[in-house]
Amino acid sequence: MTSFVVRPIKQEEWEKFAAIGCAPEHVAGCQRYLEQMLAAGSMRIDWCFVAEEAGQLIGRIASWTLPSVGKPLDFVLLDLPWEREDYVAIGSALVHEVVALARSLGGEQIGHVLDTPAVSPQWQHHPERRQTLLAHLGFQVERKTDRFEWNSAVQAGELDSRSAAAKKAGELRYRSLADVGQNAFVQAVMRVSEGTFDQFIREERERLGALEQAHSFFTELQRMAYEPHWWQLAYTPGGELVGLIMPTQTPGFATIGYIGVVPEQRGKGYVHALLYHGTRMLLDSGATVIRTDTDVDNVPMAQAFRAAGYDHFTSRSEYLVKG
């Protein structure tokens, strides 16, 4: 019989919180992640909970959000005594706390992501038991993606300014969000999503309609941090729309955000040019780590990331539970 309690952490416990379930070599990295998220406003001390048993902290969980949103969107840093038979009971109690918190603050749904293989900063080992817990709690997989990374500290050389992609990128003409306005961008999002291999976007487009999906997607992406001049439409020298690039910044790293080529321009290598251009913008802005996701069905985009020198470092399942 289990005899644990779940409670919010105390201000002075956050370092202990960071160490729960962590291998010794990962504790410092988790502490840095927590400090970064707290400073950015993506987490709050009172959004962090522990499971305590006989004076020992045996489990943890934290709510996470985008700084622009203010209410919990996801939970992170879920760690339990996964080897115990009662891990589902302990995990359920912790997840119920963050779901209740989200609902009390106006959230209608809460998500969670599971990366395999386990990667920094969450180090989500025991993926099968995590999946069992999430299924028990009614979470469903909404999307599966492959994750890619450009890390300036480990990349083999600089971004190749002599590549065919760089040359093609230099031939295009770019107009920023400030130049063309929101309506033109929404129309471009609608056009590049036509015939997409991204299952999530394809299903949303079918459910909402092409224009409404584009507007909703654009609005969601605006919740991320970004510089207005990063969001650009690309044109041929003759003025034909090629596609778009919409880099963003999360509290922990830069990301490509969204990239796409309109149907009539596909197969001409423009995706490589746009990816070079977007990567170059982020690196020039001071980014040293760029992470990006692409739907597992979007093989051409995955190939473009690999060709540009991005490393495939993990795969992600995005879970969601609603009201």
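This briefing describes aromatic ring pairs and charges placed over rings in the structure above. The model is predicted, so local features are reported at pLDDT of at least 70 and side-chain atom pairs at pLDDT 80 or more, whereas totals for chains, interfaces and linings use all residues. Residues are numbered from 1 along each chain as its sequence is written, and side-chain values use heavy atoms, with hydrogens and water left out.

**Aromatic pairs**

- Rings of Phe, Tyr and Trp (its six-membered ring) pair if their centres lie within 6.5 Å, with planes under 30 degrees apart counted as stacked, over 60 as edge-to-face and the rest as tilted; the count by this rule is ten aromatic pairs.
- Phe-185 and Phe-218 form a tilted pair, because their ring centres are 6.2 Å apart and their planes stand at 45°.
- Phe-185 belongs to helix 7 (residues 182-192) and Phe-218 to helix 9 (residues 210-221), so this pair ties together parts 33 residues apart in sequence; helices here are DSSP runs of H or I with at least four residues, strands are runs of E with at least two, and both are numbered from the N terminus.
- Phe-218 also forms an edge-to-face pair with Trp-231, at 5.5 Å centre to centre and 75° between the planes.
- Trp-231 lies in the loop between helix 9 and strand 8 (232-235), 13 residues from Phe-218.
- Ring pairs also link Phe-148, Trp-150, Phe-305 and Tyr-310 into a cluster.

**Burial**

- Phe-185 is buried (under 20% relative accessible area, against over 50% for exposed and partly exposed in between, with a 1.4 Å probe and protein chains only), its value being 0%.
- Phe-218 is buried at 0% relative accessibility, and Trp-231 is buried at 0%.

**Charges over rings**

- The charged end of Lys-168 sits over the ring of Tyr-270, 4.8 Å from its centre, where the rule requires NZ of Lys or CZ of Arg within 6 Å of the ring centre and within 35 degrees of the ring normal.
- Arg-291 lies over the face of Phe-253, at 5.6 Å from the ring centre.
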